[in-house]
There are 2 protein chains.
Amino acid sequence: MTTSSFETKLNDFKHYLKKMKSYEEAVGLIYWDMRTGAPRKGIATRSEVVGELSGELFKMSVSDEMGAFLDYFASPEVNDRLDPLYRKIVSECRKEYDRSKKIPPKRYQEYVVLTSQSEAAWEAAKEQADFAGFQPYLEKIVDMNLEFIDLWGYKGHKYNTLLDMYEPGMTVEKLDQVFGALREKVVPLLTAIQSSPHKPDTSFLKQEFDKEKQKRFSLYILEQMGYDFEAGRLDETVHPFATGLNPGDVRITTRYLPDDVNSALFGTIHEGGHALYEQNISPDLIGTPLCTGTSMGIHESQSRFWENMIGRSRPFWTQYYGKLQNNYPGQFDHVAMEDFYRATNEVKPSLIRIEADELTYNLHIMVRYEIEKALFSGSVKVADLPEIWNEKYRDYLGVVPAHNGEGVLQDVHWSGGAFGYFPSYALGNMYAAQIMRTLRQDLDLDALIREGNLHPIKDWLTDKIYRHGKSLTPTEIITQVTGEELNPDYLVDYLREKYSDIYRL
Amino acid sequence: MTTSSFETKLNDFKHYLKKMKSYEEAVGLIYWDMRTGAPRKGIATRSEVVGELSGELFKMSVSDEMGAFLDYFASPEVNDRLDPLYRKIVSECRKEYDRSKKIPPKRYQEYVVLTSQSEAAWEAAKEQADFAGFQPYLEKIVDMNLEFIDLWGYKGHKYNTLLDMYEPGMTVEKLDQVFGALREKVVPLLTAIQSSPHKPDTSFLKQEFDKEKQKRFSLYILEQMGYDFEAGRLDETVHPFATGLNPGDVRITTRYLPDDVNSALFGTIHEGGHALYEQNISPDLIGTPLCTGTSMGIHESQSRFWENMIGRSRPFWTQYYGKLQNNYPGQFDHVAMEDFYRATNEVKPSLIRIEADELTYNLHIMVRYEIEKALFSGSVKVADLPEIWNEKYRDYLGVVPAHNGEGVLQDVHWSGGAFGYFPSYALGNMYAAQIMRTLRQDLDLDALIREGNLHPIKDWLTDKIYRHGKSLTPTEIITQVTGEELNPDYLVDYLREKYSDIYRL
């Protein structure tokens, strides 16, 4: 092996990866466009474009060429010459390559068709609260996932293999422990809150709010957060999302409800948190598979940190409540800041996950986690899900769905085969609280927020988390930043302190 | 050869073409996005995505696989079994394949780099009216085009090979004839107009016009034309354009000038004309290289037909002037419809092509045509262009640029190597007038416009032109529709009649 052959090979590999990233970016832009305003009649043809480009991308990830690159860079004397970044990249590509290679292409194709049909079936079933219409699809999806898990291999619980796709390294053993600890503290806290006579008045949150004013305030807060409008844009969609096409183009969307002052605002801050992560990935990672967030859990920790720990904090409203009052002249004249703050943090067990407050949200996730775990251990059957769902909601949240549309059918995830995704949301809450505790050792968080000086917070997070993209694992991130592995106690402490104050417990 | 092998091959070929069309559509969407609001900081990476996808598309058009398809379908016994549509498709692909194959890839790559550098150089040169800064680029571009023409081959004049790229079948011989005839009639008409004492008052066209009102009126007229908003959308850009991504997604843009009532409106109608063409291509052609307009000239005939023959006609304003008055309350109270109509059709020789009126526009094109022809016959040198340009402007239009920025440097086309493109604009005017004359035999055009009943016009054009896409050549289209080849007399008659009336000649 000569120097020049190594360098040529590495260069070819970089080009190959950049090409893959280009396809990914093109597909990302097409999806953004489809959701934000592509004309209806062009969608059928556009979907074929997506199929074509995604198919090519998949082929590239499992091609003989990719295989040859990976074999070449795996040999010890070559691997030693790679810098740590490229060693990481090679191992990421290998993971992806092995995972994809183990599924027979024909079987994978069948799965793609199944999940796309299944999403349509789920939509109709949810609309009609008809679980039976969705059940056969869900059964097939679970069966195929079990088949794939056998092909991929697993350690301990079969569900671990699915968890690893969204949160590398996460296991049932770890989740049982952290969710157990969390539940043990959250349930009594919820009981105490429910018995408190000091309930916030929330009536003033529901008024008519002009859309242009909502938009103006959302844009203002985004700008305060340090969202870079030269590297992104805000649009309107039914389901808000953030998409990082490249670090110079990270777009977010929100939804304006005409009678709710908070929905668009907190939606924007949430997606803005995701966007800050993607905008601040190091330029060195552009064009590589590491130019993205490290895991769903860490990503969600950032959206939730900005939405809840900052956006729903008292210092935040100390700074911004006057601005909100000015933004909606006459609509909050007789509402004190403290009352607005308390209303914005109302805790109330409910049926729908995406409408849940900061405290009960974790219980919604635990229900789903318990069910997914049981499905993949074989201890429950798909047919029994509606009953189990309702039981667990009674058990965890004290509420029972009137029908499956607001119960087991409420989320899109399972229809697309995304088992193992739900825990990310609760992990995000736990990571966020743990990271905040370290952040407070370096910065006077409350003072900065109270002064409306949010950029140092963004800079701290960039240094500790954002810039690394996927070059560190979630475990490496949380350990490097906080000095310990995931620990649910910080979330418990944070919730206890916040709600004891609000509900005067 | 068995039936099944033919059918398999044909099927594979269809998939191959569809894949190419998918790449083209993705690139089209990326360009649309870049122009309508992609964040600045993402552009560098996005340009690489475009490079990647365009590169793949080019490779597919000249691949061994494509070569094998074309050879297979060229053999007489196989070719006979193709339906006429696929026979046409095969011959289109062959033309493209041969053209691309004849240029050494390295040379082509150099040309791509040169033209992209050249566009930047042109922008700076135009800004500073500095022809010397652009001259070396233009010289190289002309030289490389001459080199390519030798590789491609040519019949008669070398320039014919360039003309054919935009207007298949068009030649210097034909253009000399039609432009000669046109000039012979247009110049005396212009002289007569300039001597007429009956000049329209245009002062009221320049007022402050609210952007939202301009937009509302533009959308209203688009809807009247039969533009399908479920298969398109209207956005705002500095340079208006239309882009047909697929027939179900044909987007247009316009530009709102704050002090001009006509600019955005006629820009929208113009792009709307292009869009009607693309929206109404037969669904049978989707996914094939024939799913586009047949030539630049025919395309331009449609934008100009809607913009000028309809939009600047008296029947149009008979119907829509009241609506315009209502759209801008108080701003046209004291302007009679007839005065508005005459103002909108003012003829005035000017320096800038894109601001020219319907009559003198053709003279701007002839200047460029004469220059391009001379460049490729070798009778003039790039260095002499500023002087020749100014001479020709004096000769054709009676005006002389004060500097090269408003003279020879005004258009972007040459900097990108688009020689042979300019004639399309004047061809469009001639085609449009010729088609209108046939249309009048079938429909009472004036009455339909006067009633605001434009859809039958769109339907007639769809039947005769739009639905065929590129499955007929421009010559086939014009001959089938009008019964004769391109004939400049119809444009002359139209202009003479229109302006004799307006200027009372």
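A: Strand 3 of chain A is mostly covered, with 6 of its 6 residues buried (buried means under 20% relative accessible area, exposed over 50%, and partly exposed in between, with a 1.4 Å probe and protein chains only). Strands here are DSSP runs of E with at least two residues, and helices are runs of H or I with at least four, both numbered from the N terminus. The model is predicted: local features need pLDDT of at least 70, side-chain atom pairs count only at pLDDT 80 or more, and totals for chains, interfaces and linings use all residues. Residues are numbered from 1 along each chain as its sequence is written, chains are lettered from A and ligands numbered from 1 in the order in which they are written, and side-chain values use heavy atoms, with hydrogens and water left out.

The cover extends to both faces of strand 3 of chain A: A:Asp249, A:Arg251 and A:Thr253 are buried on one side, and A:Val250, A:Ile252 and A:Thr254 on the other.

Strand 3 of chain A has pairing partners, where two strands pair if DSSP finds at least two bridges between them. Strand 1 (residues 234-236) of chain A runs parallel to strand 3 of chain A and is joined to it by 3 bridges; A:Asp235, for instance, has A:Thr253 as its bridge partner. Strand 2 of chain A runs antiparallel to strand 3 of chain A, with 4 bridges between them, and A:Ala242 is bridged to A:Ile252. Strands 2 and 3 of chain A form a hairpin, with 2 residues between them.

The account now turns to the interface. The contact (heavy atoms within 4.5 Å) takes 35 residues from chain A and 35 residues from chain B. Across the interface of chain A and chain B the rule finds 14 salt bridges, each a side-chain nitrogen of Lys or Arg within 4 Å of a carboxyl oxygen of Asp or Glu. One of them links B:Glu230 to A:Arg40, whose closest N and O atoms are 2.5 Å apart. Strand 3 (249-254) of chain A supplies at least two residues of the side of chain A that touches chain B, as do helix 1 (3-36), helix 2 (43-62) and strand 2 (242-246) of chain A. Helix 1 of chain A gives the largest share of that side, 11 residues.
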